[in-house]
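Subject: A structure for you to explore

Hi there,

Here is the structure I promised to hand over. Please open it next to this email and follow along as you read.

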Amino acid sequence: MTPDPTNRSSRASSPPLQRGRALRGPVQRGSVRRGPVRRAVGVALLATATILAGSASALAGPSSNTAAAEGAAAEGAAGASAAQAATGSSELSETTRLADRRSLVVGDRAYAMGDESGLYPAAGWHVRGEMGGFWTQPIKLLDGIWFGLDGNWLGKQVPAAKYTSGHGYSRIDYSGAVNVRRTDFVPDGIRATLVGLTLTSSTAKTVKLNVDAHSELMQPYPWDWTAPTADAANLPDTGDFVDGALRFREQGTPSYPNAKPHDFAAFVGSSLRPADHTLGADHRGPQSPAVICPKDGTTPARCDDSLVGKGTGGGLTYDVPLKAGEQKTIWFAVAGSDQGSKAAEGEYRKALSNPDMLLRAKTAARAQIDAQSAVDLPGDRLLQQSVEWSKQNLADSVQQADNLQIRDVNEGKDYPASLGTVPTARWFGAGFPDYPWLFATDGEYTAFAAVAAGQFDTVKEHLEALRDVSDILNNRSGKVAHEVTPTGDVYFGSNQSAGNTDETVKFPSTVALLWRWTGDNKFRDEMYDFSVRNLQYVYKNLDKDGDGWPEGLANVERAGMGVEKLDSTVYLARGLRDLADLAASKHDTKTEQWATAKANDLESRFEAQWWVPKAMGYADSIDDPANPANDNTPIFQRHWIGVTPMEAELTRPGGTSPLASTEHANVALDQRETPCYTGEFGLFHTGTGPTSDPKGNPGASCDGIVSQVPSERSIFGLNTSIMAVAEGNFGRLGTKQQQVYTTGNARIQLDPKVWETPGAMPEIAPSPDSPANIGRAFYDRSMALQAWGTYGILWPVVHQQLGVDPDLGHGRISVVPQLPQGQPKVAGSNIRVGSGSVDVSASLAGKALTTDVTAKGVGAALTAGAVLPSGAKVRSVMVNGHPAAYQLVSTSRGTEVHVPAHGAHTTLVITLQ
C-alpha cells in the first residue's frame with residue numbers, strides 16, 4: 001500500500017478513498033494499495049475449561065463518562081473474574097459521537113468492526129458496505145449482532161454512555177433500568193469473536209434479552225469492480241436453529257469459470273439456552289429494515305447493507321433472572337469456518353467453553369507484549385503512551401489464513417485457475433477494515449516497528465508468506481507480490497504487472513533486519529536464496545537501459561514521473577548492502593562481490609544524478625518516458641518519497657549511515673519542515689509550490705521549480721513515519737524536528753480531539769485535502785487502524801533515542817542513546833534482542849551525560865556509548881566508576897562516544913567540558 005491515486009489495489013468505478021500504489025491515498029487508495037499474540041495460548045487453556053452458563057463477572061463496574069486520553073484507573077467491581085482483569089490503567093475511553101466512530105477488536109483468527117454505540121453500520125469500500133461486521137479469514141460471517149433488553153435495543157433506545165479501548169478488548173457501557181457493560185474480544189487461535197453482557201439491576205427482576213444476528217457469508221475477493229464481481233461470487237445464505245444456536249450457511253459454486261464449490265458456515269449463540277428463536281430475512285435489531293448503500297456517491301451517509309448483500313437473519317430470546325445488586329454475565333459467540341458446518345461448530349464450542357478463561361489469556365498475552373520494549377520518557381509522555389499503544393496496534397494487526405489458492409487476478413481483470421496452494425500464512429494485516437491482508441510494502445515498513453517491539457515471530461511469518469506466495473505466483477523469478485488477499489488472490493505484483501520495484505528490493509533488507517535483531521542464522525539461510533533472486537530479478541528485468549537505476553512502478557505513481565523512481569533507487573542501494581552482508585556471513589564470496597560492486601557504483605553516482613539544487617531536495621524520478629531524448633533528467637514533484645534518501649540506513653563495511661550526504665540531508669530536511677511540506681499532524685503526501693496543473697497551488701511556495709502535478713496535502717501515518725526516522729538518522733531530535741512527526745502520529749492515535757478509535761493509529765490524519773474520518777460515510781473512510789504508522793513511533797524511540805542497534809548475526813550489539821532536545825532522560829527496559837534483552841537509560845544532569853545498560857542473555861559483544869550534545873566536548877569518561885579509554889566516532893547523528901562493555905551491567909558517565 002502506498003498513498004497514491006494510481007489505485008492499483010482499489011481501482012473501483014468510484015472507490016471512496018482509493019488506495020494508491022504509493023500510499024493508499026486518502027484521496028485515492030490503490031495498490032500500493034492498495035507475535036506477538038501467542039496463537040496457542042487461548043486454545044491451550046481449553047484443556048481445563050468448564051462450561052459457563054452466565055457467571056458473575058467484573059465486566060461490570062463503575063465507570064466515568066469522560067473521555068480519557070490517559071488510561072482510566074482500575075475500576076473496582078464485585079465478583080472478580082476475567083472481565084475484571086480486563087479493566088485497568090491501560091485503557092482509553094470516549095463518550096462523544098460514539099455512533100460516528102468505528103470500533104475494532106482483533107485476534108489472529110477473527111476480527112469484528114462496528115460502531116462505538118454497539119451498532120453495525122455498513123462499512124468499507126472494497127465491497128462497498130461489506131468490509132465491517134464479523135470476519136474470520138478468509139470469509140465474512142455476519143453483518144452484525146444486536147442486543148435488546150425488554151424491547152429496547154442497546155445503542156438505539158438505550159444509548160451508549162462510554163466506549164473503552166483496552167489491550168486486546170473493548171467495552172461499551174449503557175445506563176438504564178438495567179445497567180449493561182458489553183465486553184468484546186477475540187481469543188487468539190480460535191475463529192470466533194466473544195461478546196459478554198454484564199447486567200446489573202438495583203431491584204430483583206427477570207429481563208427479556210433479545211439477540212438479533214444477520215449473516216453475510218462471503219469472501220473478501222472478488223470486489224465490486226473486478227471481473228468476476230462480488231455480486232457474482234456471493235451466493236444466498238440460509239439459516240436454521242441447531243442445538244440452541246443460530247446457524248448460517250452459504251453452499252454452492254459461483255457460475256464464473258474457475259470458481260470452486262464452497263461450504264461457509266457461521267454459528268451464533270450463548271452460554272445460556274434460549275427460551276425462543278426466530279428466523280427470517282431481516283433481524284438487524286434497530287437497523288431493520290436495512291437501508292441499502294448507494295452504488296456511487298455518499299447519500300445516504302449511513303446505511304446497513306450493500307447492493308450485493310445476500311445474507312439472512314435470526315433472533316434468540318433469553319429470560320435472565322437478576323437478583324437485586326447482582327452482576328450477571330452472559331457470553332455470546334460468533335464463530336465460523338470456510339470448511340463447513342462441523343468445523344464452524346467446533347470453533348463455536350471452543351469459544352464458549354470458558355470465555356472468562358480465554359479473556360484472561362488474552363489480557364495476559366497483551367500484558368506480555370506491553371512489558372516488552374517498555375519505555376520511560378519523562379520529557380514526552382505522549383510519545384511514551386504511543387509506544388505502549390503502538391505495540392498493541394501491531395498485535396491487533398496479526399492475521400492468519402489457511403489453504404490460500406494462489407492466482408494472478410491481474411488487477412481484477414482475470415480469474416484464472418489456481419497456480420498452487422500456500423497451506424498456512426500469517427502476516428501483519430495492513431489496515432482495517434479494507435486492507436487486513438498481506439502486503440509487501442506495508443510489511444516491510446512495519447517490520448522495523450515490530451523488531452523494536454520484540455515481535456519477531458510475525459515478521460518472520462510475514463516474510464515467509466510473501467516468499468511462498470511470490471514463488472508460486474511468479475515461478476521463482478524473484479519478484480515479490482504486492483497485494484495478496486486471504487483467499488490467495490493476488491491483485492498486483494505478478495511477473496506481468498509493472499511493479500512494485502521497491503517491494504522487491506526491500507525484501508533482502510527486511511531479512512537482514514530480522515537477522516541482525518535475532519541472530520537467527522536458520523532464518524537467514526531459509527530466506528537467502530529468495531533474497532538473492534530478488535535483486536537478480538531487478539537487474540535482469542528492470543534496468544533495460546543499463547544505467548543501474550531501477551525501473552518500474554514504486555511507492556508513488558503520478559503523471560509525468562520518469563520510469564526510474566527515487567524510492568526504488570534508495571532501497572536498492574540499501575538492499576545491495578544488506579545482501580552483501582548476508583552473503584559475507586554465509587561465505588558466498590561471489591554474491592558478496594557482485595552486490596558490493598553494484599552498491600559502490602550506485603552510491604558513487606547518486607548525489608550527482610538525483611540532487612536538485614534549485615529544489616533543495618532530491619528528484620522524485622528520472623527518465624521521462626514521453627521524451628526518448630530525456631535520458632535521466634531529474635523530475636521533481638515534491639512527493640514524500642523525497643525523504644527516503646535520509647530515511648534508509650545502509651550497512652557498509654565499517655559502519656552504518658543513510659544514503660544521503662549529510663550536507664544535502666540537512667538542506668532537504670530543513671525544506672521538508674516548512675509549511676510547503678508539513679502540516680499539523682505530519683508530512684504531506686505531495687508538497688505545495690508552483691505547478692502547471694490546472695488545479696493550481698493552494699499553499700505556500702518554498703522553491704522555484706514548476707511541477708506537473710498538484711499538491712496532495714494528505715498526511716499519511718507512513719509519510720510522517722518516514723520523516724520522523726529521517727530526522728533521527730541525522731540526529732535531528734529537536735522540538736521542531738523529529739518531535740513534530742512523532743507527536744503528529746501520536747496525536748492521531750491518542751488525542752481525544754483527533755482520534756476516531758481510541759488508541760488506534762489510523763491510515764490518514766485529518767488533513768487539508770483529507771477530511772477527518774469521523775465526518776465521512778462509513779463506506780468512504782480510510783483505515784481506522786493501519787500498521788505502518790507504528791514505524792514512526794517505535795523505531796525512533798527504541799533505535800534512535802535509546803540507541804539500540806543489534807548486529808547479532810555478527811555477534812555484536814551497540815547501545816548508543818541520544819537525548820532529544822530539552823529532555824533530561826530516556827529509558828527503556830526489556831528490549832528484546834535475540835533470546836535475551838537489554839535495559840537502557842540515558843540522562844543529562846549538569847555536565848554529566850550518563851548511559852546505563854544492562855544486558856540479559858544477549859550473548860554478544862556490547863558497545864555502550866552516547867551521542868554528545870551538539871558542540872559539546874569531552875572532559876572525562878568513566879565506566880563503572882573507573883576512568884576508561886574511549887573512542888570518538890563521527891556519524892550522521894553527530895559525535896558519539898564508544899566504550900567496550902564488560903559484564904552484565906555498564907554505567908558510562910561522560911563529563912562534558
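Let me begin with a definition: a crossing is left-handed if the near helix is turned anticlockwise from the far one by less than a right angle, and right-handed if clockwise. Before we use that, please note that this is a predicted model, in which local features need pLDDT of at least 70 and side-chain atom pairs count only at pLDDT 80 or more, while totals for chains, interfaces and linings use all residues. Residues are numbered from 1 along each chain as its sequence is written, and side-chain values use heavy atoms, with hydrogens and water left out. Helices (H or I, at least four residues) and strands (E, at least two) are DSSP runs, numbered from the N terminus.

Look for helix 6 (residues 381–395) and helix 16 (residues 738–750). Their axes come within 9 Å and cross at roughly 65°. Axes here are lines fitted to C-alpha atoms, for helices over the stretch in contact, and angles run from 0 to 180 degrees between N-to-C directions. The crossing of helix 6 and helix 16 is left-handed.

Which residues of helix 6 meet helix 16? They are Leu382, Leu383, Gln385, Ser386, Trp389, Ser390 and Asn393, and on the side of helix 16 they meet Thr742, Thr743, Ala746, Arg747, Gln749 and Leu750. Contact means heavy atoms within 4.5 Å. By class, this contact of helix 6 with helix 16 has 5 nonpolar, 7 polar and 1 charged residues. For these classes, Ala, Val, Leu, Ile, Met, Phe, Trp, Tyr, Cys and Pro count as nonpolar, Asp, Glu, Lys and Arg as charged, and the others, Gly among them, as polar.

**The disulfides**

A disulfide is a covalent bond between the sulfur atoms of two cysteines. The rule used here is a pair of cysteine sulfur atoms within 2.5 Å, and by it the count comes to 2 disulfides.

(Buried means under 20% relative accessible area, exposed over 50%, partly exposed in between, with a 1.4 Å probe and protein chains only.)

Another disulfide joins Cys676 to Cys702, S to S 2.0 Å. With 90° about the S-S bond, the link of Cys676 and Cys702 is right-handed. This pair links distant parts of the chain, 26 residues apart: Cys676 is in the loop between helix 14 (662–672) and strand 34 (678–679), and Cys702 in the loop between strand 35 (682–686) and strand 36 (712–716). Cys676 is buried, at 0% relative accessible area, whereas Cys702 counts as partly exposed at 21%.

**A sheet and a helix on it**

Strands of a sheet pair through backbone hydrogen bonds, either parallel or antiparallel. Two strands pair if DSSP finds at least two bridges between them. In this model, an open sheet of 9 strands has the order 3-9-10-11-12-19-16-15-14, with antiparallel pairing. Its edge strands, strand 3 (92–94) and strand 14 (238–242), each pair on one side only.

**A hairpin**

Finally, find strand 39 (residues 804–807) and strand 40 (residues 812–815), which pair in the antiparallel sense over 4 bridges. They form a hairpin with 4 residues between them, and Gly811 in the turn has a positive phi of about 75°. Asp805 stands opposite Ser814 in strand 40, and the bridge partner of Asp807 is Arg812. Strand 40 also pairs with strand 44 (residues 861–867), in the parallel sense, over 4 bridges.

Enjoy looking around!
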